[in-house]
Amino acid sequence: MAVDTATLLVSCPDQQGLVAKIANFIYANGGNIIHADHHTDLEAGLFLSRIEWQLQGFNLPRHLINEAFGALAQRHFVTASPLQAKWKLHFSDTVPKVAIWVSKQDHCLYDLLWRIKSKELKAEVGLIISNHPDLDPIAQQFNIEYHHLPITKENKKEQELKQLELLKNAEIDLVILAKYMQVLSSDFIKEFPAVINIHHSFLPAFIGAKPYHQAYSRGVKIIGATAHYVTQDLDAGPIIEQDVVRISHRDTVQDLIRKGKDLEKIVLARGVRLHLQNRVLVYGNRTVVFG
């Protein structure tokens with residue numbers, strides 16, 4: 001039988017004894033550590049850590065853990081630099097609510113829904129939002145709310161306000177752009193920064209329409225896909241996961257599209273899984289992805 005766990009993601013200025021201090025906090029409160037991973041970015045002078053422990057036998061009630069660790073962080077994790085520790089606390093029995101946004105392509109949507117339905121991905125789909133009506137039948141098949149919100153230059157701000165309201169009302173934790181062919185505004189990202197996107201290449205490359213046609217015309221030998229967090233800089237957010245597949249001179253444009261779609265599904269699913277498992281720590285425009 002699985003035992004509930006807590007996971008702590010920490011980043012702070014590097015200094016001596018940090019691993020011992022974090023581990024001792026858990027040990028002193030009766031916790032049993034089951035996973036621990038640490039990394040020091042020497043160039044940035046940052047220590048980054050993911051540590052997971054069993055809640056069974058842990059002396060602190062859940063609602064006091066964050067406050068107790070905060071007191072420790074303020075006391076021990078501050079250097080002469082103004083930068084202080086940043087941390088997030090997660091519990092394994094929490095099921096995040098996600099919203100999947102789509103346009104007309106269905107391959108990533110189907111893949112995510114089946115993985116969630118089979119409990120491969122631990123999440124609940126609160127709603128699907130699209131700028132087209134085409135994929136509504138899929139939402140009906142999975143009994144999920146579908147909201148068709150067409151986007152034009154004239155109504156973009158108004159529609160984004162509706163999108164934000166839908167996310168708030170459904171208590172959504174994460175938005176997944178599963179081939180949603182619209183650019184989110186800076187105002188939207190400020191209001192709701194937890195967004196993952198799938199891009200059709202190793203970023204940045206083949207920007208614009210018909211990327212696989214561009215790749216074919218260049219005679220590429222590999223094509224890639226990138227799952228990344230969305231920021232105000234277009235397709236330049238912190239990267240979570242990437243992969244490639246080889247291309248032969250015998251491959252047609254349709255072969256590239258088929259291989260590309262397969263890769264997009266896999267890379268997006270991997271990126272979402274890593275996020276849901278609280279294995280991604282963002283600092284600046286980079287990520288540490290813990291195993």
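**Exercise 1. Find which residues Leu 113 is in contact with, leaving aside neighbours within four places in sequence.**

Solution. Step 1: apply the rule that contact means heavy atoms within 4.5 Å. Step 2: leave aside the neighbours within four places. Leu 113 is then in contact with Ile 100, Val 125, Ile 128, Ile 138, Phe 142 and Ile 144.

Two notes on the model come here. It is a predicted model, in which local features need pLDDT of at least 70 and side-chain atom pairs count only at pLDDT 80 or more, while totals for chains, interfaces and linings use all residues. Residues are numbered from 1 along each chain as its sequence is written, and side-chain values use heavy atoms, with hydrogens and water left out.

**Exercise 2. Describe the largest nonpolar core: which members touch the most others?**

Solution. Step 1: recall the term. A nonpolar core is a set of buried Ala, Val, Leu, Ile, Met, Phe, Trp, Tyr and Cys residues joined through side-chain atoms within 4.5 Å. Buried means under 20% relative accessible area, exposed over 50%, and partly exposed in between (1.4 Å probe, protein chains only).

Step 1: look at the members. The largest core holds 34 residues, and Ile 100, Leu 109, Leu 112, Leu 113, Val 125, Ile 128 and Leu 268 touch the most other members.

Step 2: trace the elements. Helices (H or I, at least four residues) and strands (E, at least two) are DSSP runs, numbered from the N terminus. Among those that each supply at least two residues of this core are strand S5 (97-102), helix H3 (107-117), strand S6 (124-130) and helix H8 (253-276). H8 gives the largest share of this core, 6 residues.

Step 3: look beyond it. Apart from this core lies another, of 21 residues, including Ala 6, Leu 18, Phe 69 and Leu 89. In soluble globular proteins, nonpolar side chains tend to be buried together.

**Exercise 3. Work out how domain 1 and domain 2 meet.**

Step 1: examine the interface. Here 11 residues of domain 1 are in contact with 8 residues of domain 2. Buried area is the accessible area (1.4 Å probe) that two parts lose on being put together, summed over both. The domains bury about 790 Å² between them, 61% of it on carbon and sulfur atoms. Leu 9, Leu 48 and Arg 50 supply 50% of the area that domain 1 buries against domain 2.

Step 2: look for charge pairs. A salt bridge is a side-chain nitrogen of Lys or Arg within 4 Å of a carboxyl oxygen of Asp or Glu. The rule finds 1 across this interface. Arg 286 and Asp 41 meet in a salt bridge (3.4 Å, N to O).

**Exercise 4. Which parts of the chain does the salt bridge of Arg 270 and Asp 243 link?**

Solution. Step 1: check the distance. The side chains meet at 2.8 Å, N to O. Step 2: place the residues. Arg 270 is in helix H8 and Asp 243 in strand S11, 27 residues apart. Arg 270 is partly exposed, at 29% relative accessible area. Asp 243 is partly exposed too, at 23%.

**Exercise 5. Locate the residue that UniProt lists for "active site".**

Solution. Step 1: read the record. The unreviewed UniProt entry lists Asp 235. Its positions are given in the numbering used here, feature names are shortened, and annotations may be inferred rather than shown by experiment. Asp 235 is found in the loop between S10 and strand S11 (239-246). Asp 235 is partly exposed, with a relative accessible area of 23%.
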